[in-house]
Amino acid sequence: MAGKPHIYYEPGWHFVNFHANVEFKPSLYCDVWNLWEDSSAPRERRWQPGMLAIQRIIRDAEDRDIPVRALGAGWSLSRAAATTGCLLNTKPLNVIEVGMRPEHCEQVFLSAHGSHGPKQPADFLVFAQCGATIAELNQELEPRRLALTTSGASNGQTIAGAISTGTHGAAWKFGAIHDSVMGFHLISEGGQSHWIEPASRPVMTKSFCDILGAELVRDDRLFHAALVSFGSFGIIHAVVLRAEPLYLLEQHLVPRHYEDVVAALPDLEHIETKLQLVNVFGKVPDTAPYHFEIVLNPFAFEIKRGRVAEMDGAMGAYIRYMFKHAPPDLQKDSPTQNLIGFKRKTTSTSNEGFTILQRMDGLAPLFERTALSAIIGKLIIEGFLLPDDPDTHLGTVLTPGGTFAATGLAGRGLSCELGIAGNDVPKALDIILREFLAFPLGCMPSLRFVGGSGALLAPTFFRPYTCMIEFPASLSPRTLHAYHRIWIALEKNQIAFSFHWGQCQHWGSTPSAARQRLENVYGQRALDWLAARNKFLGPKARKTTFAGELLADCGLAE
Amino acid sequence: MNLLLALAALISAALSPGCATVRVVKADVWTPAIKPPHQWQDGNGAYTAPSPATSMVKKTVFVLFWGFNQENIFATGCGDNGLEEVRISTNVGFALITVVTFGFIQPLTVQWNCAKQPQSKVKDF
């Protein structure tokens, strides 16, 4: 029988995010746990106290006329979690259940997905409470020989935080993390509990919703609107994801000439042939890489005859690519006993380089007005971009959990990430590199290609794929200035781009200007998102309870 | 100019919090999903970061009288769970205070956060 949930209130909380670029003071901060008031945990339905706590906090916030925001791992570099109201720490809510009973799944779902060995379609469904991290999911899935279809570059994000801000990897034929969500449990106005999934692709039955105590809502527009909505529709208590059979990622990092890369970009389907992306056997396979990423060294370029070009003898682009394998295949055919090697730090360049670059900000005040930061950045970037040995072609071969593991160093930093349509990438790169030459910055832009998403406000909405260009750098005014220069230059050249909701962004200098720009970029999607929110929530919930700084800054708090 | 830069760097280092930090965390418990064959290396020994349930709580403590007034911190708010990580840090300023007072005052910064509840095998769905 349900009792009162354990909620721990912390007075006078001063929130600082993981990268230390966002700070604010909520009027109320609380940790919610899967515990009852007497600190006991239920033996069944272990998620129930946490769910009831969320409902209670929402009702309290409504009574007090204050907003309520959910906090995940605190990794967002944007003000997505910022609030003057109640900040609710969801990290303790980490129940994960792998596999569903078939009676809780719609027949249409079971019929549409085949079995895989002894595993039936329902075995691939994963219930994850909002605070479960990607690392926790990997640790639960991989021993059961399952894996997430995609994840971000590292594994500390909570699942609800990751999907709400549009976190992605570089699965260019699939999409981002939110694209593997089958449905989600949303606690909204008045603490009402809804299970939301698309009407066009029903997955869970009413019996599942009854256990959760949720109303079953099947609505395509609502699903795609609330999926990536940074807490604007309510608080996501749990999701059901579809995992896939465990696979290995064979990862390589190779330098290539920028001109060759740009020429090959229009045909990602054959990128492995155009760029000679070989596998561990030293051969170009007949399938495109599963993960495709480009890291640019902006210090390898100059203007030659009015064009951006590599300096003589320099390599401006490094390709990080991964082929996907079923585990037994690669082990059976391995040419070497060292095929599965330790995860080497040198291979996760963007991640490790990012953390080192973040550390530079301690010195930033000393050379704010000089280009010294850029010079240090150049040394770090070129020191970290250590490619595969060209003789052995050995990268690393790991499961997804081993490949996208923890960030080595935590640190202060800034990053912004822009979503650009595939066709616009060459022109956008030319503009960006010109800005780097005019205003050097210690930053190695990383381009990850992500399959287009159906989520209305997903940063990765361009189809068939979106190129997400990330600019990790130190936390300094110089970095922000450089970002603004790039944003303005792209806009001047009429390159449409989205912002990653979890990173630095600037849609406009006023909410109305931001709204206009957002509508220009997303078009009908933005209007559909607003219509879905207006239909789902009453005025008070829209303007107060589930409103936040990010929503207001974008002109979406209507 | 160089002297000024050096001085600024020194001051910056002195004021930088947590310049010497010791972390107490549990050992990595990552379970290799694919056990490599004999003589192969463990491919999934990838390091994992702590995955705490709560944010870090920070407190500066002053150990006085060479430790006679032992100051203990009671971590609340973790339910029945343990701690995920404890950090003890000092900096140049704290070290200076300790030296100047011959150890009479020893400031330290202590931070901690709560562990998550372990996963259960009970299935509701």
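1. Helix 1 of chain A is followed by A:Asp65, whose phi is positive, near 60°. Helices here (H or I, at least four residues) and strands (E, at least two) are DSSP runs, numbered from the N terminus. The model is predicted, so local features need pLDDT of at least 70 and side-chain atom pairs pLDDT 80 or more, while totals for chains, interfaces and linings use all residues. Residues are numbered from 1 along each chain as its sequence is written, chains are lettered from A and ligands numbered from 1 in the order in which they are written, and side-chain values use heavy atoms, without hydrogens and water.

2. The 17 residues of helix 1 (residues 48-64) of chain A should span 24 Å at 1.5 Å a residue, and its end C-alpha atoms are 24 Å apart, which agrees. The expected span is 1.5 Å times one less than the number of residues. Buried residues of this helix include A:Met51, A:Ile54, A:Ile58 and A:Ala61; buried means under 20% relative accessible area, exposed over 50%, partly exposed in between (1.4 Å probe, protein chains only).

3. Chain A has an open sheet of eight strands, in the order 20-15-19-16-22-23-21-24, with antiparallel pairing. Two strands pair if DSSP finds at least two bridges between them. Strand 20 (396-398) and strand 24 (497-499) of chain A are at the edges with a single partner strand each, so one side of each is left without a neighbour in the sheet.

4. Within this sheet, strand 15 (residues 248-256) and strand 19 (residues 317-325) of chain A run antiparallel and are joined by nine bridges. A:Leu253 has A:Arg320 of strand 19 as its bridge partner.

5. Helix 14 (residues 477-492) of chain A lies across strand 21, strand 23 and strand 24 of chain A, at about 15° to strand 21. Contact means heavy atoms within 4.5 Å; axes are lines fitted to C-alpha atoms, for helices over the stretch in contact, and angles run from 0 to 180 degrees between N-to-C directions.

6. The structure holds one disulfide over all chains, between B:Cys78 and B:Cys114, with sulfur atoms 1.9 Å apart. A disulfide is a pair of cysteine sulfur atoms within 2.5 Å. The link is left-handed, with -70° about the S-S bond.

7. In chain A, the sulfur of A:Cys30 is 4.1 Å from the closest cysteine sulfur, in A:Cys86, too far for a bond. A:Cys30 counts as buried, at 0% relative accessibility.
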